Amino acid sequence: MKTLLWRASLRYLGRHPWQTGLSMLGIALGVAVVVAVELANESARRAFDLSMQAVTGRASHQIIGGPAGLEESLYARLRRQGAAPLSAPVVSGHVTHGDYSLRLLGIDPFAERRFRNFLGYAPDGQGEGLLRQLLTRPGAVLMSRTLASRLGLRVGGSLELLVSGRKRQAVLAGVLHPPPQKAAAMTDLLVADIATAQELLGRLGRLSRIDLILPEGDRAAAGAVEALLPAGARLTPAAARARAMQEMTRAFAVNLSAMSLLALLVGMFLIYNTMSFSVLQRRELLGTLRVLGAGRRDILALVLGEGLLIGAAGTALGLLLGVLLAQELVQLVTRTINDLYFTLGVSGLFPTPAGLARGALLGVGGTLLAVLAPASEAACSPPRAVLDRSRIEGRAGRLIPSLAGAGAGCILVALLLLLPGRSLVLGFVALFGLILGFSLLTPAAVALASRLAAPLLGSLLGVFGRMAVRGVRASLSRTGVAIAALSIALSATVGVGVMVGSFRLSVQQWLEATLRADIYVSPVTPSNTGNEASLDPALIAAIRSVPGIAGISQGRPANVQSGEGITHLYAIRMARGSYAGVELLEGRPGTVWPLFDREQAVLVSEPYAYRHGLHAGDSLTLDTDRGRREFRVAGVFRDYGADHGVVNMRMSLYRQYWDDDSVYSLGLYLEPGVDADTMVEQLYALAGDRQALRIRSNRTLRESSMETFDRTFAITNVLRLLVIAVAFVGILSALMALQLEKARELAVLRATGFTPGQIWGLVTTQTGFMGLLAGLLAIPLGLMLAMLLIHVINWRAFGWSMDVILPGGVLAEALLLALAAALLAGLYPAWRMARTPPALALRQE
Amino acid sequence: MRPLALAVLLAAGLLAWWLFSPRTPPPSDAPGIGDILGGAPEEGFERALAPRPFRFPADHGAHPGFRNEWWYFTGNLQTDRGRRFGFQLVFFRNALAPGKADGQSPWRTHQTWMAHFALTDPGAGRFHAFERLSRGAAGLAGARPDPLEIWLDDWFLKEKDGRWRLYAKEKGFSLSLSLSPRRRPVPQGEAGLSRKSAAPGNASYYYSVPRLRAQGRITLDGRAHRVSGLAWLDREWGTSALADDQAGWDWFALQLDNGADLMFYRLRRKDGGPDPHSAGSWMTADGRVTRLGANDVRLKVLEYWSSPRGGRYPVRWRLRIPSLDVDLKVAPVMDNQELDLLVRYWEGAVDVAGVQAGKPVRGRGYLELAGYGD
Amino acid sequence: MNGAGAGPFVRFENLTRTYRQGACRRPVLDKLHGEIRRGESVALLGRSGCGKSTLLNLAGGIDEPDSGSIFIDGVCITGMDEHARTLFRRRNIGFIYQFFNLVPTLTVEENLLLPLELNGWSPAKGRRRCRELLAAVDLSDRAGAFPDQLSGGEQQRVAVARALVHGPALVLADEPTGNLDADNGRQVLELLDRLVRDGQCTLLLVTHSRAVASRADRILTLTRGRLSGVEEGALW
């Protein structure tokens, strides 16, 4: 134990509180972002698991059917054949009560015993009463007391539910007291008898699924069940189904994680910066220690230890911040999942030790990695007492070409990594490779830029300008890193900004092209449950006879099974005007439409085609109510509506293969001269109390779609801001360190006759130059990142192609941001320099 | 009368517990039988007020206007080589509320069903009991009069070509019998009206088919046996319950080798004494039926069996009917024939030996002991 | 140190060291030979840039020659690897510099303790030794002060104490008075002289001042990369 060495270094950290604190803050922010995203992702995953678990119970298998569910007689058949003694029918669906989206789970209490334990949560002595009410009282539902108090309901009170836009009256028959670990999963759950569920959901005669417990590994038992299944029904392991659902959100989670790693990366730059600076500053001291007989390993351990100390403290702070941040983030993540994938009723943060541990590991590991270079540099310092800085900078200068070489190599490897395959993770590896390569090139770029800028600034600002620029160049070992950190953060904003901007414009153009009808009508439903809802047929008939409507298209989204996965099907009866709205990416209209309209053929969206490797002319297999059937792919169309892809099928073909004649949405084409807004009013009046409808004109639908889009990217923007925050802290600390270190030099200048104002000018010119440089360097990298994000990441994650659109605003914003950050960072050192009496600064040596 | 209270249970406290608890044995703190005889209120249900003629096959089917009903099959069987078995298969119907349920769902019903299936294997000293519950809707459980069909899942009684087929199956165990009546149905009580207490309407309609020739197959632990023997059917429906001071009952169904059959149930009061509404009948081979009142039958417990789950059951009896000069001893083929199900009770195969009018008689039968299991 | 009594304590053999300055190479030491006896106090005189400090650094094992060898007490330190040399230096050599080079974040006492700790002394024994030496350099009352709270002369006295605290066999001093006024300089030199003799150390002192050099047992001068002009005996 070299306690004195440690003591010396601890005191050093203590004497430089700003530097130490800022780099701690940088790591803390980086770790916080990583942890928050990790926790948010994990919480969303866990929420999903929990809500699945609550409704799946102990089922090992499930029998599932087509979009309309199963014919209910299948259950009696299974029971009466004795094929599945442990089986339970389920009717479930989404309903809304006021602003709340709830899941209604209809069960048969007589079959539930081995599956779920809802009535077991009845308060003592009330089980029998609840059961009797559940079975005999129409509309009776149970819920957890948490939910009841959230909805402000009392036992016996009635509760109005909106199911597929239709009002239904339910009664709160009783409240359940689930144990705490089960309570979270029940926060959006209404439990009812299966008869009640069928009646409330309007699904008489159908089951959503049949849960089974089959003896593990008993193929015969599964076989006996399968032998009784009609075409279109299938037996599937319960876990497989949950996995298939979860798989849909994977790309989304990977994207978020990558964004968070970027924040950590910037944080790592920050700590690298701090540590290399402190090593440089203590060069002589370290030399002295070496002369005194401290070994290389001692010095290495010393610097690593300091870094680890800062890293560990920062990480601890980061974990704390991360959990706080995650509270907010999980809302955003849940909302996005609700918008895009499926309704996730359960929400809340579930911090897991594993998630926190991963964050801690990344924080400490990242710090270690960042400190490795300065530490080994320190260990290599010769045991020399007197070293002049120019020699160190000289060495750094000599390193520039090899660094630049390594950077170029890094970029090359990154680009090579992109060539094969479609791995999303590899795409992100390449992204980070690009960033790393670019940052290695930064010192060379800074050297070059300052050489070029010196005469320019010199002619503009005279000796100040030259001094400022030379100062940047003279301390390249630190300015390079600071500029690299800032430019990476900025390039991330440029990259993400360009990507989002391009995406947004593409979506906007697509919406304009696709939404051809003048008015869209659908029932009011929780988001992403359109496949459960349908329009009242009588209402459709009534709308048909409204004068002024020239044509009507009809749509019905449905989830159907295909192999092991779920395919989102969109059955559509196109109106004459609908055809022009479909942008075909593969296939020519002349050949596609006759196929689509008359043959056993479908259109697949671009992401669907990408995910399944399909092209026009191929065929795909779907499980229909008539059994497994092949459908020809007539063409591929552009669609940004669903990242998991969608298959469009003409309504008549859909109804031929699936026992489902419901219609979810209508597109109304108005006759010329009919005012859309007036028609919307008229339709609302027509619907009256029959069904709550969402009737939107073309324009409002487009607007609300864009709102959803913007909401989806809200989380991206938050992460972007956080990355900038980390970088800002980075540049602040780097520049402050740089300027404080130059205290003596500036004091000499003051002594020579520089006014405080001139010192201000010098410092701000210098930091401003660095900010400008960072901003300029960020632009090419940012554009490269944008290309990568659009053409590789987005394509691999979602299968969307889009055009790169260069929004000038984003670039200007990045430059401004860089300048602002740099100037702001120069404020304190300049202020301090300017007001310190020169003698005080000179006395230091 | 006897299993009436069992069926009433369907409406009561334990049910909810059973339906939702993944564990099989009921908790030791389960309410006693006396506590859970509440059930659905009687208002709105039909009541058995006066005797009525039974009409078959219609009355073999269900009477959903009454709250409770059951089809109770018990019997003694043996293989060609003389190996003995006892069986019990009973279907209970219980309405949670009177009238037809409101609502359009095919699952909507007030009718609930429970069935118990037990096999006694005295040779191996094993006793097996199973139960099933279901709603009486969506084709899961129910009753149809013509052709007769009573079912719950894959357990059923079904009429085919004038014969009844009785079937139940669990993993490793099954019962599949063909039953043909050897006697016409015998109305019990006052021409079929069986009073349970002094309160009017607290009565049931009750008939028995005391002798059914049984032939078929049973499976125990996966091994099948061809069997034949005699079975007994008890049918009862009504809207009644034990009176407040009644604690349980002992029920005898005995088939004697001189061609006579005896049914007698003794209602026990909480104070330990016999209830005056205990009743039964003596049915001879030529179709004569002698009604027996509480005072016509003298019962004496000879031996108790203590259940490892608690409670002790009077399993050996001396039964005398002085007016008919009958003196019988009743002994179980094995002691432990306790059904540890939603409700815990003892129901098992018994041997009978004794004298009537100085002539020795032997026989077999079933004994049910309820209200002891705590 | 093995204490092999006979022969020279320090021996330079054929020592060459060249610095690169831009494109041209400038030889500093050129096949230098020389010897220092055990317990001897030697001053190395020469003009700035003549290579005095280079020779001192080579002798201390903190620089390596292009060719040639240095033997200290019969051990060839130029043949050692970096790690072995560090251990050798830690144990056997004490350094004193013109600019003191104290560890600014350690107190006076801790600065003295540092070499002891590196050499594995127990804290208690180390503290006793430090008190001794602080008393010897007349700084007992400043043990808890940080270097920047001391005057230059005081700092150099701490540096002298630190160089001798672990009882090195060889003390190397590079212009120890170069940054001090005459009074303080003389005080430091006297101290150094006394402690070196008390500790039976060998001293190699680099200076450009003849006055300083004159206190040594022997004076060597370094010109054009070689040792020359050997003067024996005290000159005052």
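Here is a short chat about the domains and contacts in this structure.

Visitor: Which domains is chain A divided into?
Guide: Bear in mind that this is a predicted model, where local features need pLDDT of at least 70, side-chain atom pairs count only at pLDDT 80 or more, and totals for chains, interfaces and linings use all residues. Residues are numbered from 1 along each chain as its sequence is written, with chains lettered from A and ligands numbered from 1 in the order in which they are written. The bounds come from an automatic or database domain assignment. Chain A gets domain 1 (1-60 + 246-387), domain 2 (67-231), domain 3 (436-514 + 706-845) and domain 4 (525-691).

Visitor: Which helix gives the largest share of the side of domain 3 of chain A that touches domain 4 of chain A?
Guide: Contact here means C-beta atoms, placed from the backbone, within 7 Å. Nine residues of domain 3 of chain A meet ten residues of domain 4 of chain A that way. Helices are DSSP runs (H or I, at least four residues), numbered from the N terminus. Five residues on the domain 3 side come from helix H17 (residues 476-514) of chain A.

Visitor: How many residues does H3(C) give to the side of chain C that touches chain A?
Guide: In this contact, 20 residues of chain C face 22 residues of chain A. Helix H2 (82-92) and helix H3 (108-118) of chain C each give two or more residues to the chain C side. The largest share comes from H3(C), with six residues.

Visitor: And which helix supplies the largest share of the side of chain A that touches chain B?
Guide: That contact takes 31 residues from chain A and 30 residues from chain B. Seven residues of the chain A side, the largest share, come from H4(A).

How values were computed:
Two residues are in contact if their C-beta atoms, placed from the backbone, lie within 7 Å.
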